Amino acid sequence: MKRSLLTLIQLIFFFNLFSLAGFGQDNTIQDTSKMVVVAIPVTDIILRATEVNTQLREKRTYLITEQEKEEIISRIDTLTFRLALLREGSRVQQIDALNLRSLESLESEWSFLDKLFDTEQEILNETLQEKENQRAVIAKSLSIWELTSKRIDEESAAELVIEQIEFTLKDIRETLSAFESDSKFIQEELVEISNGVIFTNRVIESIVSAKLILTRSLLSFDGPPIWKEFNKQKDSTIVFENKRSMIDDTVASLRDFRGQYAPWIWFHLVISILLIILIFVIYSNLRHGIPESDTPEITAVKKITERPLISGVLISVVLTFIIYNNVPDSVVLLTALLLLVPVYVILRAVIIGPARKFIILPLLAIIMVELHGIGYSDTLFSRLWLIVILLFSLTSMGLIAGKKSKRILIFSGTYGKLLMFAGFLAFSILIISLFANIFGAITLAEFLTNSVIESIVISMFIFSLVATLNSIITTSIHGNYLKKSKLFSENIDRIHKRLKSIINLIAIYLLINFTLRIFNVWNPVSNLVKGIFTYPITIGSMEFTLWNIFLFFFIIWLTMRISHLIRAILEGESGLRDRMRKGVPGALSLLLRISVFTIGFLVAIAAAGVRMDKLGILLGAFGVGIGFGLQNIFNNLVSGIILAFERPIKEGDIIEVGSLLGIVKEIGIRSSVIRTYEGSEVILPNGNLISNELINWTRTDMRRRGVVSIGVAYGTDPQRVIDLLLEVVNNYDRALKQPIPMAIFDGFGESSLDFRLLFWIGDADLRLVIQSEMAVLVNQAIVDAGITIPFPQRDLHVKSLDPMIAERIRAQDDIAKKQIGFKGPEKDKK
């Protein structure tokens, strides 16, 4: 069977190789572009007319109703009105005069409007395509009926048939006209939408260009020193117009956001309420399962679980960036302000020591930055307000790390040193920003100040989110529900550690991502990394990239993890093992792991960029290699598959292969593990289990026969001994009553009458123990019955002995008597 299976697999490989080479392919291409219009036979006209009438009635349901037209016109009017408001705003007219933060805010608003235009354009395009498809079908039907009408005019037909044709043609033309009218209406609206898209893209390009110019000129002085600003007058009208334009744009963007995402806002609200209730239930019901410990981590978890409302609000607000696409700056600002309260409360619960009372300072700094952005103007007041922000931030950092004792407590450990380095870097940048603002590098000062403070607050937000998620995970995994699972309870610490590692990795990525985006270096950094990973590497005729290599090893790693998870669930979960027949979990696990490895390998090869035709050649060569050098390895792999399907042995079976006797501990893909009764674990190739003679002592059940052999002295009644043995075994609870125990007179030995007691044991693993106990009971019963258990004896008769040897024996005997003080009988004195 093995040889046939091996031959079949080799034939499949070669067939795959030939099929990839192109044998047997049908390259015939059918031309379906020519459509022939055929007139309807006279006998079918009435029936076909009825069918067409039904189809037209169904198609007219696809026509745009007057209410739908009004809704489309209303949506487009709203977009054009919003476009007109943004177009007339003073900020659009003075793009080159705006600072970097205002440009980012303006770009967000125009990008949101552009998204609305794109969405509407996509909807109208789909509607137009649907109308055109319906119109094409109706136009084809019109051609058929017009041809039929022409043929009927040339032939003699009943008046009723002619009237039916004319009625059907009229119905078709009216329906076709209605679809053409809808198409024309949609095309007109699309023209208006396209004009808005073109103008919006043009404005966004201008904003991006202005941002690029400002970014390149960050190191230049774009204003006079601050002491010269006191004598400079600003046009308050322009400043007021800019502020009014910004406020109007903010209000309009909020209104547009509500109109665009109204259903999603309700969905967000419902999800938030359910999430808060779920967190409240988790914290209330599972909080008692948290282990008692005074470690900072467990203490923080307990404090957070006392605030379920704050945790729910924090996660609900985070959902804003997941549910909605292209969120405008006004919504981002509102979301950030809502996050300040839960972030403050959670950090107060998590952070201990002297740093706890300074948590509020960065949050106040970000509020000051947002106020500066809302009320920004190119005036002395804005520069002075920026100096206030800088002095406040620098003073806050000085309070946190000014004293050495506080610095040692706050910045201890590896993370503390990283935090200290980041704080020193932020402090240095803020110092540079302060001097830049004083000496006239206003754009640089604003950019650095906003970026540093926003990065600090983002890191605080991510830290509070990680702490919240960690508290939810810790509370959940220590609950009684998950502890009921043996698999989970045995690996609870490992699972907790893995989940925390995953959350920490995601948090680090988000922190790096947001920080680079805030400093406007995400695009160049990501393009650089992307260029490195996608740079083509050519070796001979093969071309690959570092990304392909990374994907290959990642998929292989993921495949192994999934395989281990399947094995742990099927073979380690007591609940599953109890519900399945013995051996089924192991066999199912083996089959699933083979499937996972096969699929994972093929996916990894495809991800590595290997073409399928080259893979076919590789598999063909692999098939040839199997027939030669890899035959033994592949033999063991195929044997593993046979073991999985036929299941001659199962995990836990007691088997005997040659001189090897032990318990099957594991059936792997290539080999199996047998644990002997001496305690050693033998790795046995699967091929040996299939090809060699194998004894399975527990294939059908765990029963095993026990044997106790005994000999009694000659002269003993054999029937008495048999009755005594049966009495012992029948009174022993651990011996099975079925099959019936037997006591056998085995024969006449050299020095005894030999008997055997045969009985069955329910658990083969306890055979030696139960057999030993039975032997003790049998010995006790024989002794109590006064029956002698003989032992072999030999009589030695000496015919002759050397006198010298006899003399030496007497001398040794005298010495021994003297040592023990032996005195013989006294002789009579004469």
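User: Which residues in α3 meet α6, and which ones in α6 do they meet?
Analyst: Keep in mind that this is a predicted model. On the α3 side you have K69, I72, I73, I76, L79, T80, L83 and R87. They meet D182, F185, E189, E192, I193, G196, F199 and T200 in α6. By class, that contact has 8 nonpolar, 3 polar and 5 charged residues.
User: What about the geometry, what angle do the axes of α3 and α6 cross at?
Analyst: Roughly 20°, and the axes come within 11 Å. For reference, α3 covers residues 66-88 and α6 covers 159-216.
User: And why do α3 and α6 count as roughly parallel to each other?
Analyst: Angles under 35 degrees count as roughly parallel, and the axes of α3 and α6 cross at roughly 20°, so the two helices are roughly parallel to each other.
User: Left-handed or right-handed crossing?
Analyst: Left-handed, as α3 passes α6.
User: OK, switching to strands. In what order do the 3 strands of the open sheet come?
Analyst: The order is β8-β10-β9, with antiparallel pairing. β8 (704-712) and β9 (742-748) are the edge strands, each pairing on one side only. On average, neighbouring strands of this sheet are turned by 25° against each other, direction ignored.
User: How many bridges are there between β8 and β10?
Analyst: There are 9, in the antiparallel sense, with β10 spanning residues 753-761. As for a specific position, G711 stands opposite D754 in β10.
User: Which strands does α29 touch when it packs on that sheet?
Analyst: Helix α29 (residues 718-730) touches β8, β9 and β10, and its direction makes about 20° with that of β10. Helix α30 (residues 767-784) packs on the sheet too, touching β8 and β10. The direction of α30 makes about 30° with that of β8.
User: How far is the C-alpha atom of E130 from that of Y62?
Analyst: They are separated by 8.6 Å, with the two residues 68 apart along the chain.
User: Last one, the big picture. How many helices and strands does the protein have?
Analyst: It has 31 helices and 10 strands. Of its 830 residues, 38% count as buried. If you take contacts between residues at least 6 apart in sequence, 73% join residues at least 24 apart.

Key
Residues are numbered from 1 along each chain as its sequence is written. This is a predicted model: local features need pLDDT of at least 70, side-chain atom pairs count only at pLDDT 80 or more; totals for chains, interfaces and linings use all residues. Side-chain values use heavy atoms; hydrogens and water are left out. Axes are lines fitted to C-alpha atoms, for helices over the stretch in contact, and angles run from 0 to 180 degrees between N-to-C directions. Helices (H or I, at least four residues) and strands (E, at least two) are DSSP runs, numbered from the N terminus. Angles under 35 degrees count as roughly parallel, over 145 as roughly antiparallel, 65 to 115 as roughly perpendicular and the rest as oblique. A crossing is left-handed if the near helix is turned anticlockwise from the far one by less than a right angle, and right-handed if clockwise. Contact means heavy atoms within 4.5 Å. Ala, Val, Leu, Ile, Met, Phe, Trp, Tyr, Cys and Pro count as nonpolar, Asp, Glu, Lys and Arg as charged, and the others, Gly among them, as polar. Two strands pair if DSSP finds at least two bridges between them. Buried means under 20% relative accessible area, exposed over 50%, partly exposed in between (1.4 Å probe, protein chains only).
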